[in-house]
Amino acid sequence: MNAIQHTEVRPAAQPQQGLVFKVPNILPRRLTEFLIERLIWFAGVSTILIVVLIFYFLIREGLPTFLDIPLRELFGSRWYPTEGHFGLWPLISGSLVVTLGAILIAVPLGLLTAIYLGEFAPQWQREILKPLIEILAGIPSIVLGFLGWVILAPIIQQLGAPTGLTAFTGSLILAYMALPTIISVSEDALYAVPKELRDSSLALGATQWQTTLRVVLPAARSGLVMAVMLGIGRAIGETMAVLMVTGNAANIPQFGPSMFFEPIRTMTATIAAEMGEVAQGTLHYNVLFGIGIVLFTVTFVLNSLASRFVGSQAARRRKGQL
Amino acid sequence: MTRQQQQKFSVGCITIVAAVAVVPIILIIAFIVVQGVGSINWNFLTSVPTNGMRDGGIWPAILGTLILTFGTAIVCIPIAVAAAIYLAEYAGDTRLTRWVRLAIVNLAGIPSIVYGLFGLGVFVLFLGFGTSILAGSLTLGIMTLPVVISTAEEAILAVPQRFRVVSLSLGATRWQTIWHQVLPHALPGIITGVILGLGRAAGETAPILFTVAAFHLPDLPHSIFDQTMALPYHLYVISTQVPNMPLSIQYGTALVLLMIVLSLTLIAALFRTRMRRRRTW
């Protein structure tokens, strides 16, 4: 070891050394190679396996929901699990109202912020704003829920709502939780628009704003749709914050603007609040897994649709780079 | 309005909108720091809760979160890195690969509460681990997979092709090339992804609700088959489930959780920028 260090035959630019520990050379090289490749292949395929397993276990525990309860009752308006009424409609509509509110806030906010970041912001602002948005993505949902509970709810109550724990309170928090997803995905989409398109438009005398509105946004359309869908997925699956701030009343809100200012109860919050108190094997337990099936299916559809856009976007970007 | 005025007006508007999106982030963090910093002292960080959690410290919850984060790392890192190697180095453009990618996108989108149900169904009940650190770590580890896989894959793909070509031309096998050439260069990027993923896992509440978290435990856990308290769940409990809880303890707990999670995010971010600057190829 010492001898090597003293004879200075070492090349000047030593490439980075290998990892510290080595694979023991007990097995012949080909066999090691074969085994490792199998292992790696299996790790890759295990992701498919996990999705299938998740679905299988949800079905296994949740299937009685759809077999034992008549559909008419299942989509009924009464969620009184202790009395045997398992109407999911209040929970579904609760989730829909909160998510709709969140999207109404987050989509304009997120898209415009992404446009500002991607097309107009000077470099120094971008270097401050992007890490901030990453930080927002890192704040645990329970912390945001806690702030909603101690700060936001009292403020909303003071503004004249009968209670501060409403769908709107949840929507506001969910909107900020969905923002990082919406901003980063739509910024990617804007980035993928070839520079030639912008240059041509500017050369024809359009202002930067007209170029953004008429050329860049239409070209980035599919990516923007994907951003919105992923944002919806984020919002509909969020649990702890909505559990804390939406009041958890299993009512069906009356359709209209006032529905945002009533306490509601979402599917996710129902699972979180009630799973701890039910015995395994009861119908209530099964129904909570049944709600899990609904959530899984909704997010699966949203993400599968969105991933089709990812494919096309990535391909286009690669072409743009060539 | 001329087009130039329209341009000015519109850009002004979206500047304001961007501010509306970003300023609350600063406010949130500043507010928690200001409110919580007063209750943080050595005693708060290192002693157990007393008087129905209304006094004393939060050490069992901090320790629980650290243990769970460590457990998550053990479960997640080997599978995620191997899967990333598969995608970046071995996978061709086959139907199987497309399925794997679809699976990863969907894993990333599954709500955390559904992971909680999955953990309850598989690890707690079916495999009989009970509500335990083992069950919780496995659940969190699986939940963290997609984040780590995609960042690790990007890091591996960023290693220039010529490194591989040279190594292979010297007679190294494919795996030797990956192990001695590709992985060392991709390591900083992989670590960034791992830290980011662990930051997410440390702050999650829903997946640990039914798999590991305990309302209040006087003792620290002794084995991986014990329950443990954890900071996110503890914050939920003391802010909504315990009446007459002093606000200072709630803010203190929120601050400690926020600091653990954000410092992980920050370390990851610093790591990434340093790595980019150092890169010589």
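Colleague: What share of the contacts in chain B with a separation of 6 or more comes from residues 24 or more positions apart?
Modeller: That's 76%, with a contact meaning C-beta atoms, placed from the backbone, within 7 Å. This is a predicted model, where local features need pLDDT of at least 70, side-chain atom pairs count only at pLDDT 80 or more, and totals for chains, interfaces and linings use all residues. Residues are numbered from 1 along each chain as its sequence is written, while chains are lettered from A and ligands numbered from 1 in the order written.
Colleague: How many helices and strands are there in chain B?
Modeller: Chain B has 11 helices and 2 strands. Those are DSSP runs numbered from the N terminus: H or I of at least four residues for helices, E of at least two for strands.
Colleague: And what pattern along the sequence?
Modeller: It reads α-α-β-β-α-α-α-α-α-α-α-α-α in chain B.
Colleague: Switching topic, how do α3(B) and α6(B) cross?
Modeller: The axes of helix α3 (residues 59-90) of chain B and helix α6 (residues 133-157) of chain B come within 6 Å, crossing at roughly 35°. Axes here are lines fitted to C-alpha atoms over the stretch in contact, with angles from 0 to 180 degrees between N-to-C directions.
Colleague: What about chain A, how many residues does the contact take from each chain?
Modeller: 72 residues from chain B and 74 residues from chain A. On the side of chain B that touches chain A, the largest share is 16 residues from helix α1 (residues 3-36) of chain B.

Technical notes. Contact = placed C-beta atoms within 7 Å.
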